[in-house]
Every structure is written in C-alpha cells, then in structure tokens.
Amino acid sequence: SVVKTGQTIDLSYMSGSGTIKDLSGNILSSFSSLSVKNLTGVSTGTGNRPSYLGTLATSEFGKEYALLKSDSSQIVDDRSLYNQSVKRYTLNTDRLTASYEYLYKASSDTLAFEVPATEQSAYVTVPLKPLLDAVNRSKTTKFMIRYGDHLYSVGLDDIDMNGLATSLIADSKNISLVFRLEKVPAGTFSPFEQKLKTMGMQSVTSLMDVRVTAIVSSNYSNAKALSVPGEYTVRTTSSLNNAQTSAARLDLSYYDAAYLPTKVSTVGSYTIIRARTEGNQVLGTFISTRAFSDMSRHWSNSIVAEL
C-alpha cells in the first residue's frame, strides 16, 4: 500500500544480484527494520544549523539523529557507580537550548549526546530548563545518550518535570537530570551469570547499569532516583538468531533475569537489539541455547524455541 505523507514505516533490504549503488559506486549493504518517514510535501525550512550540531548516521544504529559531542559540555573528573575513575560531562545550557529550537523547526524530535567510547562509563548531567522548554514545544521530544555501541533514550514527556521541581522544592533552572550508563565490572554478578548459564542463557553483550536521577545545584550526594520509561539499544557484530535473542533486566530481589520487550534488526554488519525499560536497572542481552531434542520435528518447534 502507499506510504502516506508523515507516515513512518519499517524498511528492509537484502542485497542480491541486482545491487543498489551510490554515486561513488559503493554497494548498499543489507539492512532490516530501518525506520523511514515520508516527508513528501512537508516543509523542512530550518534556518541555520548550529555548527556544533553533528549527525549520528543511519548506518550506525538504523536511524539518523542530531548529535552533540563532548565539546558541548564541561568535563570534570569523578567516580563511577562502581568506583572507577571517570569523566563527568555537564551539557552547555545555551547549546542544548539552541539545538532543541533548531530541531523543532526541522520537525525532528530527538537530540543525542555522545560520550567517547574510550570512557569507563557515560556520566552526563543535563540542565532541566532547556528540556522543559523543548517538551512544551513538542510532546514527542526525546533526549538520548550515545556511548560506544550503546544508546539510551527517554521521552521528555514521560518525565514529570513540573512535579519534579515541586518535590525538590527548587526552580527548574537549578535542577539537572543525571544520566549514568556503566558496563558492570566482570565478576560483580558472578552467581547471577552462572545461574543463567545453567538455564541455557548465553550473554551477547556485557551487563550495563542504567540510571536516571535528578539533582539540585550540583548536589550529587542527594540525587533523587527517577522511574522513567526508556529505550535501551545495543549493537553487536555477532550473528544471532533473532527468535532466540532478547534483552533482560537483573531482578535483584530474586537474583534472576526478567525479560524486557525486545526488537532485533540488522543494519549492515550490525545486529541491533532494542528494549523497553522502566526505571534504574542493570540490563543485559542474551541468546538462548536451550533445545528440546524431542521437538525437532514438531510443528510448534520454532514457537517453543522463541518462548
């Protein structure tokens, strides 16, 4: 059927004998579930794009995003969640404000900030007022952290910013959100990982501790934990069976893994795993190696394997 103006679809392409090439003669790589929006007839007049606003290319994770890099932040030394020496990045208020204003005019809803992959963790402080102004202009506005092979995004409308200011007894100009993504050091949850192995669950990527908090006037010692819906994305060059691949969170109450709604796609040589999250969690991606020999020829074998 015809894709209507403004409609977003998932597009897949498998290279074959009839290849597609760009103007330089490069062959287009296969991809699946690439999000594409029909902007035919939609005005995209935007004015001047800020010079510091870069682009996270579609070839990276399957969708293009506007990108702020570390030069749009103040950088100081700090300690991570797991007591590692790290850098803390505090975004520049003026650049954040101008970036969201530009994106609103460009009919784009997501702004990403990139933490260098060489860092031990992503530790990012974001002033609240520019986020509040952005979501007041558009309820679909999002903020995203890019950290190496990982993305984490939140919808700004899912954060009760006015309620947050009330609970913290502070003006929004003095409040910041703090995003922290850290690869869990090896051995931290060894009993958990061993338990999963006995259940036929094999890790695809390392465990990632993801947290969102709010602070007043750089008072990090009294950070308020926020329970915010988000999306966690990780990419890998491993070849995976989509039906047997999923993301899960570490359930600290039962020391077990709890399934997260997961979508698996491919972009070039990457397998992209996306999962919906809620609150501050330790996340991981896994592939099930469990098999049932007596089901090999049963009509429901593929369904049972996925479950």
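This is a predicted model: local features need pLDDT of at least 70, side-chain atom pairs count only at pLDDT 80 or more; totals for chains, interfaces and linings use all residues.
As for what is tucked away, buried residues make up 42% of the 307 residues. The chain has six helices, along with 19 strands. Contacts can also be sorted by how far apart the partners sit in sequence. Taking those in the chain between residues at least 6 apart, 71% join residues at least 24 apart.

Now for a pair of helices. Helix H2 covers residues 93-105, and helix H3 covers residues 128-137. Their axes come within 9 Å and cross at roughly 10 degrees. Angles under 35 degrees count as roughly parallel, so H2 is roughly parallel to H3. Who meets whom here? On the H2 side, the residues are Thr93, Leu96, Thr97, Tyr100, Glu101 and Tyr104. Facing them from H3 are Pro130, Leu131, Ala134 and Arg137. Sorted by class, this contact of H2 with H3 brings together six nonpolar residues, two polar ones and two charged ones. Glu101 of H2 and Arg137 of H3 are both part of this meeting, and Glu and Arg count as charged.

Gly54 belongs to strand S3, which spans residues 53-56. Is Gly54 buried or partly exposed? With a relative accessible area of 24%, Gly54 is partly exposed, because buried means under 20%. Leaving aside residues up to four places away in sequence, Gly54 touches Arg49, Tyr65, Ala66 and Leu67. One of these, Tyr65, is 11 residues from Gly54 along the chain, and the C-alpha atoms of the two are separated by 8.6 Å.

The other residue is Ile287, found in strand S19 (residues 281-288). Its relative accessible area is 14%, and since the cut-off for buried is under 20%, Ile287 counts as buried. What does Ile287 touch, once residues up to four places away in sequence are set aside? One set of partners runs Gly200, Met201, Gln202 and Val204. Also touching Ile287 are Leu240, Asn241, Gln244 and Thr245. As for Ala243, that residue is 44 residues away from Ile287 along the chain, yet the C-alpha atoms of Ile287 and Ala243 are separated by 8.9 Å.

Definitions and conventions. Residues are numbered from 1 along each chain as its sequence is written. Side-chain values use heavy atoms; hydrogens and water are left out. Helices (H or I, at least four residues) and strands (E, at least two) are DSSP runs, numbered from the N terminus. Buried means under 20% relative accessible area, exposed over 50%, partly exposed in between (1.4 Å probe, protein chains only). Contact means heavy atoms within 4.5 Å. Axes are lines fitted to C-alpha atoms, for helices over the stretch in contact, and angles run from 0 to 180 degrees between N-to-C directions. Angles under 35 degrees count as roughly parallel, over 145 as roughly antiparallel, 65 to 115 as roughly perpendicular and the rest as oblique.
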